[in-house]
Amino acid sequence: MKQILSIFLLATALVISGCASTTMGGATGSDRSQFLLISSNAVNAGAAQAYKKQLSSASTSGALNTDSGYTDRVKAIAKRLIAQVGIFRPDALSWQWEVNVISSDEINAYCMPGGKIAVYTGIISRLKLTDDELAAVVGHEMSHALREHSREQISQQMASQTLISLGSSLLGLGSIGSDIASSVSKYVLTLPFSRTMETEADIMGMELMARAGYDPTAAPAVWRKMVTLGGNASPEILSTHPSDSTRIANLEQHLPQVMPLYEKARASPKN
Ligand SMILES: [Zn+2]
């Protein structure tokens, strides 16, 4: 009986926590309803802490923002992309965005919840990224944050932990609450996003870059470069961003939706 009551309470909590979309759809329509159990504030605070730790460790090893040739470029591109986020969620215009470059051979980049961006020099140099391609990478990572994919993943983990511990301490929500920063690190830096999340970040990222005046055809181009690298040199970014043969086709399929936005941005540059 106690267990039935527990299940009922859990179900109620899950329903109350709701299924809304974190973003508006823009021109490409990424507004899938999401299961969110933990607050944005909690996740973003954890992310800020995790990001600080990452920067501090990069700084200690002398790898933080050491080359202005990279940092100026990355910051300028991110600034133009950030100026466009209001189309998906106006609140993100006032996020505490941060942009840093890590000197490392890793082919990697991420954007932690709340807008904490890091780009590794390896992805720029080894893939010989153009500005448009770099905008595609940064726009993709920013879209994971805008869609709050890590918050969604943490919510899913909390729900499954709660189910597992049913009968002992329902609604204690497991151990995750005690160390959100390490959970954020785990999800952003180590564990893969789902295929659905990848598709959303691809399409939203492409719309962001188009609106910022970057050529969206660079998005399929940059993923093609990553796949081509392959073998032992397989880019680190692919471990957190599972890729498959349909990704490039999917990006190309959405080009007609975003090309007019790109043409419009080019015709009246606001940046
Ligand atoms: Zn991704």
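Which residue in E5 is the bridge partner of Glu-98? In this predicted model, that partner is Lys-116. The legends below describe the surrounding strands and helices in close-up.

**View 1. The open sheet of three strands, in the order E3-E5-E4.** The sheet has mixed pairing and is built in the order E3-E5-E4. Its edge strands are E3 and E4, each of which pairs on one side only. On average, and with direction ignored, neighbouring strands of this sheet are turned by 15 degrees against each other. Five bridges link E3 (residues 98–102) to E5 in the parallel sense, whereas E4 (residues 109–112) runs antiparallel to E5 and is joined to it by four bridges. Ala-118 of E5 is the bridge partner of Asn-100, and Ala-118 is also the bridge partner of Tyr-110.

**View 2. Strand E5 and the hairpin that E5 forms with E4.** Strand E5 spans residues 116–120 and is mostly covered, with five of its five residues buried. Lys-116, Ala-118 and Tyr-120 point one way from the strand, while Ile-117 and Val-119 point the other way. Residues pointing either way from E5 are all buried. Three residues lie between E4 and E5 in the hairpin. In the turn, Gly-114 has a positive phi of about 85 degrees.

**View 3. Helix H3 lying across E3 and E5.** Helix H3 comprises residues 68–82 and runs at about 150 degrees to E3.

**View 4. Leu-81 and the largest nonpolar core.** This core has 65 residues. Leu-81, Ala-135, Val-138 and Met-209 are the residues with the most contacts inside the core. Leaving aside neighbours within four places in sequence, Leu-81 is in contact with Ala-135, Val-138, Gly-139 and Met-142, and also with Leu-208, Met-209 and Ala-212. In soluble globular proteins, nonpolar side chains tend to be buried together.

**View 5. Helix H5, residues 131–146.** The 16 residues of H5 reach 22 Å from the first C-alpha to the last, close to the 22 Å expected at 1.5 Å a residue. Helix H5 is mostly covered, and 14 of its 16 residues are buried. Just after H5, Glu-148 takes a positive phi of about 55 degrees.

**View 6. The crossing of H5 and H9.** The axes of these two helices come within 8 Å and cross at roughly 85 degrees. H5 and H9 are therefore roughly perpendicular to each other. On the H5 side, the contact is made by Asp-132, Glu-133, Ala-135, Ala-136 and Val-137. On the H9 side, the contributing residues are Ala-218, Ala-219, Ala-221 and Val-222.

**View 7. The packing of H9 against H11.** Helix H9 (residues 218–229) packs with helix H11 (residues 245–267) at an angle of about 170 degrees, and their axes are 9 Å apart. Because of this angle, H9 is roughly antiparallel to H11. Ala-219, Pro-220, Trp-223 and Arg-224 are the H9 residues at this meeting; Arg-247, Ile-248, Leu-251 and Glu-252 are those in H11.

Terms used. Residues are numbered from 1 along each chain as its sequence is written. This is a predicted model: local features need pLDDT of at least 70, side-chain atom pairs count only at pLDDT 80 or more; totals for chains, interfaces and linings use all residues. A residue is buried if 20 or more other C-beta atoms lie within 10 Å of its own, exposed if 12 or fewer, and partly exposed in between; C-beta atoms are placed from the backbone. Two strands pair if DSSP finds at least two bridges between them. The expected span of a helix is 1.5 Å times one less than its number of residues. A nonpolar core is a set of buried Ala, Val, Leu, Ile, Met, Phe, Trp, Tyr and Cys residues joined through C-beta atoms within 7 Å. Two residues are in contact if their C-beta atoms, placed from the backbone, lie within 7 Å. Axes are lines fitted to C-alpha atoms, for helices over the stretch in contact, and angles run from 0 to 180 degrees between N-to-C directions. Angles under 35 degrees count as roughly parallel, over 145 as roughly antiparallel, 65 to 115 as roughly perpendicular and the rest as oblique.
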